[in-house]
Amino acid sequence: MAVENGAALFGEEELRDVSGVRVGDRFVEVTCGCTSARYGDAVGRLRLFASGELQVSCDCTPGCDQDKLSPPAFEKHSGRETAGRWQNTVWVMVKGDKVALSKTCLLRYYHKKLKSSSANGGGRRPPCHRDEFVRCAGCGKERRFRLRTKEECRLYHDAMARHDWTCKDMPPAGRCRVRVSCEEEEERASRKASRGCTRAATCKGCVRCVCFGCETCRFAGCACQTCVDFYRINCMINS
């Protein structure tokens, strides 16, 4: 049976010591944050739904307009140096202490959603998109692109399509919106080896992190042959 009221999502005892609790019509909202060694704490509001959806509205600065972020996107926006483990790096305040989401009951419906998706798919999960690199045409350095959202995949897709792509074309990163220049050092080889695979930190490519085309990394409005072929084949399959 669907949960129609936010008050029914969690028991009173479960939320008693959690800071910033607000119960809405179909959700529960709590204060959350993510800590960067360089920028400090980025604070936001985490909204939890019975569907398993999680949304973060960032309050890191008075003028921040980042709303309805996924937890991984919030983690990246905070400037967290070792991104990719948001369940452990995004925290809530419990009895005045920062406690990782993974150590609370707040991910109950998120885990139910994953379990349900896995069961419906016969135990197989769609691959994630591991980080990729693009080489600057000016300085020759490689720059990392995170591919967790459709917007991030589009940035990488468009960069790969350009032969004249340079560091200055890299979108600003972090909550301070810092741009990369050709003067910035390239990532160390040991750091490059970690590309966000959920199976192994230094995976070189497996069924969990290599995607050969999906709705997230292919674009209906794109005229490149890869995207055109993807939607043409999908149309043939579904017709």
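Student: Which residues does Phe74 touch, not counting residues up to four places away in sequence?

Tutor: Contact means heavy atoms within 4.5 Å. With that, Phe74 touches Cys32, Gly33, Cys34, Ala42, Val43, Gly44, Val56, Cys58, Leu69 and Val90. Before we go on: this is a predicted model, where local features need pLDDT of at least 70, side-chain atom pairs count only at pLDDT 80 or more, and totals for chains, interfaces and linings use all residues; side-chain values use heavy atoms, leaving out hydrogens and water. Residues are numbered from 1 along each chain as its sequence is written.

Student: How many residues does the largest nonpolar core have?

Tutor: In soluble globular proteins, nonpolar side chains tend to be buried together. A nonpolar core is a set of buried Ala, Val, Leu, Ile, Met, Phe, Trp, Tyr and Cys residues joined through side-chain atoms within 4.5 Å. Buried means under 20% relative accessible area, exposed over 50%, and partly exposed in between (1.4 Å probe, protein chains only). Here the largest core has 27 residues, and Val30, Leu46, Phe74, Leu101 and Leu106 have the most contacts inside it.

Student: Which elements give two or more residues to this core?

Tutor: Helices (H or I, at least four residues) and strands (E, at least two) are DSSP runs, numbered from the N terminus. The contributors are S2, S3, strand S4 (54-58), helix H2 (71-77), strand S5 (90-94) and H4. S2 supplies the largest share, 4 residues. There's also a second, separate core of 15 residues, with Val134, Cys153, Cys167 and Phe219 among its members.

Student: How many aromatic pairs are there?

Tutor: Rings of Phe, Tyr and Trp (its six-membered ring) pair if their centres lie within 6.5 Å; planes under 30 degrees apart count as stacked, over 60 as edge-to-face and the rest as tilted. That rule gives 6 aromatic pairs. Take Phe27 and Phe49: their ring centres are 5.9 Å apart and their planes sit at 55 degrees, so the pair is tilted. Phe27 is in strand S2 (residues 27-36) and Phe49 in strand S3 (residues 40-49), 22 residues apart, so this pair links distant parts of the chain. Phe27 is buried at 11% relative accessibility, and Phe49 is buried too, at 18%.

Student: Why is the pair of Trp86 and Tyr110 edge-to-face?

Tutor: Their ring centres are 5.2 Å apart with planes at 80 degrees, so edge-to-face it is. Trp86 lies in helix H3 (residues 86-89) and Tyr110 in helix H4 (residues 108-120), so the pair ties together parts 24 residues apart in sequence. Elsewhere, ring pairs join Phe145, Tyr156 and Trp165 into a cluster.

Student: Where does Arg47 lie?

Tutor: A charge sits over a ring if NZ of Lys or CZ of Arg is within 6 Å of the ring centre and within 35 degrees of the ring normal. Arg47 lies over the face of Phe27, 3.8 Å from the ring centre. Likewise, the charged end of Arg154 is over the ring of Phe219, 4.8 Å from its centre.
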